[in-house]
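Dear colleague,

Please find below the structure that I am handing over to you.

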Amino acid sequence: MQFHIQDMTCGSCVRHVNEAIAKVDPAAKIEANTASRRITVTTTASQQQIEKALRDDGYPATLI
């Protein structure tokens, strides 16, 4: 899955995004690009679970 996260602008944001997703799926693989504000997530969790975790952590995401 790929998501656009408008508020992900720095390394600290990436760390928060990783931690939020890890709460849902500790084995998830995440590739982040702060320049494009996109993440690619390889996970067994559903799109809704990932979006909720990110939203709850203050990083609303849109599926691309």
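This is a predicted model: local features need pLDDT of at least 70, side-chain atom pairs count only at pLDDT 80 or more; totals for chains, interfaces and linings use all residues.

Residues are numbered from 1 along each chain as its sequence is written, and side-chain values use heavy atoms, with hydrogens and water left out.

The protein contains two helices and four strands; these are DSSP runs numbered from the N terminus, with helices (H or I) of at least four residues and strands (E) of at least two. Along the sequence they follow the pattern β-α-β-β-α-β. The radius of gyration of the protein is 10 Å, close to the 11 Å that the globule rule gives for 64 residues, so the protein is as compact as a globular protein of that length. That radius is taken over C-alpha atoms, and the rule is 2.2 Å times the number of residues to the power 0.38.

The four strands form an open sheet in the order β2-β3-β1-β4, with antiparallel pairing; two strands pair if DSSP finds at least two bridges between them. Because β2 and β4 (62–63) stand at the edges with a single partner strand each, one side of each is left without a neighbour in the sheet. Strand β1 (residues 2–4) is joined to β4 by two bridges, and Phe 3 has Leu 63 as its bridge partner in β4.

The largest nonpolar core has 16 residues, of which Ile 5, Met 8, Val 17, Ile 21, Ile 39 and Leu 54 touch the most other members. Such a core is a set of buried Ala, Val, Leu, Ile, Met, Phe, Trp, Tyr and Cys residues joined through side-chain atoms within 4.5 Å. At least two of its residues come from each of α1 (11–24), β3 (38–42) and α2 (47–56), and α1 gives the largest share, five residues.

Beyond its neighbours within four places in sequence, Met 8 is in contact (heavy atoms within 4.5 Å) with residues including Val 17, Ile 39, Tyr 59 and Arg 37. Arg 37 lies in the loop between β2 (29–33) and β3. Although not a glycine, Arg 37 has a positive phi of about 60 degrees. Arg 37 is partly exposed, with a relative accessible area of 25% (buried is under 20%, exposed over 50% and partly exposed in between, with a 1.4 Å probe and protein chains only).

With kind regards
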